[in-house]
Amino acid sequence: MTIHTTDIPNESFNHYKHVLHVDNEFALIEINKDNISDLSKFNYPYKAEAFTLCIVLKGWVKGKINSIEYNAIAPCVISIYPNQILQHDSNSEDFYIICIAFTKNFASNIASYSKNEILLLRFPRQDNISHHLSQETLTALLDYCAYIKKIIADTDNPFRIKSIQHLTVALFYSTV
């Protein structure tokens with residue numbers, strides 16, 4: 001079995017229209033039936049180097065994380081940790097997912113905002129691959145993604161990554 005390493009986000013995503021990223025630290029990735037072929041390199045096992053929350057908004061997706069099969073049905077979130085071995089197997093035709101991906105450095109920076117708490121403990125546990133989302137949490141995640149898009153689009157703002165870090169801290173404190 002060949003295992004490839006990918007660090008999401010990275011500069012190789014610049015040519016994908018569905019990936020927005022800042023400073024190679026944070027990315028928002030939208031995947032649906034129209035662009036799933038762009039990510040065909042993920043159809044074989046690869047090693048993740050980013051923390052990733054994949055929000056399944058429509059349809060279903062099947063795959064493996066550390067050789068454990070999963071079937072995620074909307075609305076749910078799939079949590080992915082660095083060093084996990086991932087593989088996309090199949091998805092429904094109406095599949096639509098938004099992935100929030102950030103590097104270990106980004107995670108370390110947001111954890112430093114909290115003196116007595118380890119914020120990333122709020123990140124869904126590794127032994128549960130997918131988690132059903134309540135309507136309230138789904139709405140909060142979609143609002144977060146919409147605001148992140150606005151921050152990323154404001155390329156004149158030198159504080160985009162800091163803004164995203166603070167917004168992510170707020171998200172973890174309130175919902176995840």
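Trainee: Which residues have the most contacts inside the largest nonpolar core?
Mentor: This is a predicted model. Its largest nonpolar core has 27 residues. Those with the most contacts inside this core are Phe-26, Ile-55, Ile-100, Phe-102 and Ile-164.

Trainee: Which element supplies the largest share of this core?
Mentor: Strands β3, β5 and β10 each give at least two residues, and helices α1, α2 and α3 do too. The largest share is seven residues, and they come from α2.

Trainee: What does Ile-164 touch, leaving out residues up to four places away in sequence?
Mentor: Contact here means heavy atoms within 4.5 Å. By that cut-off, Ile-164 touches Val-22, Phe-26, Phe-106, Ile-148, Ile-151 and Ile-152.

Trainee: How many residues are in the second, separate core?
Mentor: Ile-31, Cys-76, Ile-78 and Ile-80 are among its members. This second core is separate, and its size is 22 residues.

Trainee: Which residues of strand β6 are on its covered face?
Mentor: β6 spans residues 60-65. Trp-60, Lys-62 and Lys-64 make up the uncovered face. That leaves the covered face to Val-61, Gly-63 and Ile-65.

Trainee: Which residue in the turn between β6 and β7 has a positive phi?
Mentor: β6 and β7 pair antiparallel over six bridges, with Lys-62 opposite Asn-71 in β7. The two strands form a hairpin with two residues between them. In that turn, the residue with a positive phi, about 50°, is Asn-66.

Key. Residues numbered from 1 in each chain as written. Predicted model: local features only at pLDDT ≥ 70, side-chain atom pairs only at ≥ 80, totals over all residues. Heavy atoms only, no water. Buried < 20%, exposed > 50% of the residue type's maximum accessible area, 1.4 Å probe, protein only. Helix = DSSP H or I, 4+ residues; strand = E, 2+ residues; numbered from the N terminus. Pairing = 2+ DSSP bridges. Core = buried A, V, L, I, M, F, W, Y, C linked by side-chain atoms within 4.5 Å.
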